[in-house]
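Let us read a structure together, one feature at a time, with the general idea given before the particular case.

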Amino acid sequence: MEKSHGLVFSTAEIREKGGLTLKKALDPEFFADVLEGPAKVANANVDLVFSVGGDSLLLEGAVEAGLHLECARCGEPFTGKFTEPFDELYEDAVESIDVSGTLRDSVALMMPLKPLCSPQCKGLCQACGGNLNLKVCGCVTGQEAEFSEAKKEGPFKDLKRRPRL
Ligand SMILES: [Zn+2]
Ligand SMILES: [Zn+2]
């Protein structure tokens, strides 16, 4: 990273002031290569609180960001909002503190393994590939077919099929 984005702080200055609290909007460009695949940062803010300890500085804060993601179930793009808290301890001996690495790591961490446009997302029809959030296609999919077969077999077969809890 060439540009500092105003994310480098002087240890002496923080110590003189007896601490430092600030809120900052971050350029989404700053996170351009942090996320994998189609994911992108839409907007981001950070809260930073430096407190002065005996011979160290404690940084506590959180990154809040909107991420452009693709739903893992239906494949539709959506924007989700995420917050990732962090804390770091710096030795007083360091002259300056660059928080960019911490912020980039935090944004990488907030990326969900399985992004969903909504917890209720119905996904795609296994038979026709249609988006089930938009319309009910009426296809009988594998799961439903199995279910109706189980019903035909009668109540005692159902008992054996009951999944283990
Ligand atoms: Zn979805
Ligand atoms: Zn279908």
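Q: How many helices and strands does the chain have, and in what order do the elements run?
A: Helices (H or I, at least four residues) and strands (E, at least two) are DSSP runs, numbered from the N terminus. The chain has 4 helices and 6 strands, and from the N terminus on its elements run β-α-β-β-β-β-β-α-α-α. This is a predicted model, in which local features need pLDDT of at least 70 and side-chain atom pairs count only at pLDDT 80 or more, while totals for chains, interfaces and linings use all residues. Residues are numbered from 1 along each chain as its sequence is written, and chains are lettered from A and ligands numbered from 1 in the order in which they are written.

Q: Which strands form the open sheet, and is the pairing parallel or antiparallel?
A: Strands of a sheet pair through backbone hydrogen bonds, either parallel or antiparallel. Two strands are taken to pair if DSSP finds at least two bridges between them. Here 4 strands form an open sheet in the order β2-β3-β4-β5, and the pairing is antiparallel. The strands β2 and β5 stand at the edges with a single partner strand each, so one side of each has no neighbour in the sheet. From one strand to the next, the twist averages 10°.

Q: How many bridges join the strands, taking β2 to β3, β3 to β4 and β4 to β5 in turn?
A: Between β2 and β3 there are 7 bridges, in the antiparallel sense, and Lys 23 stands opposite Asp 47 in β3. From β3 to β4 there are 12 bridges, and Asp 47 has Ala 62 in β4 as its bridge partner. From β4 to β5 there are 15 bridges, where Leu 67 stands opposite Gly 80 in β5 and His 68 stands opposite Thr 79 in β5.

Q: What joins β3 to β4, and how many residues lie between β4 and β5?
A: A hairpin of 3 connecting residues joins β3 to β4. The strands β4 and β5 also form a hairpin, with 6 residues between them, and Gly 75 in its turn has a positive phi of about 80°.

Q: Which residues of α2 are buried, and where on the helix do they fall?
A: A residue is buried if 20 or more other C-beta atoms lie within 10 Å of its own, exposed if 12 or fewer, and partly exposed in between, with C-beta atoms placed from the backbone. An α-helix has 3.6 residues a turn, so residues three or four places apart point the same way. In α2, the buried residues are Leu 103, Ser 106 and Val 107. Seen down the axis of α2, these buried residues fall within an arc of 95° (taken from the directions from the helix axis to the C-beta atoms), so they line one face of the helix.

Q: What does α2 lie across, and what do its buried residues pack against?
A: Two residues are in contact if their C-beta atoms, placed from the backbone, lie within 7 Å. Axes are lines fitted to C-alpha atoms, for helices over the stretch in contact, and angles run from 0 to 180 degrees between N-to-C directions. The helix α2 lies across β2, β3, β4 and β5, running at about 140° to β5, and its buried residues pack against β2 (20–26), β3, β4 and β5 (77–91). Leaving aside neighbours within four places in sequence, Val 107 has contacts that include Phe 31, Val 34 and Glu 84.

Q: Where is Leu 35 found, and what does Leu 35 touch?
A: Leu 35 is found in the loop between β2 and β3, and Leu 35 counts as partly exposed because 19 C-beta neighbours lie inside 10 Å. Not counting residues up to four places away in sequence, Leu 35 touches Lys 40, Val 41, Ala 108 and Met 111.
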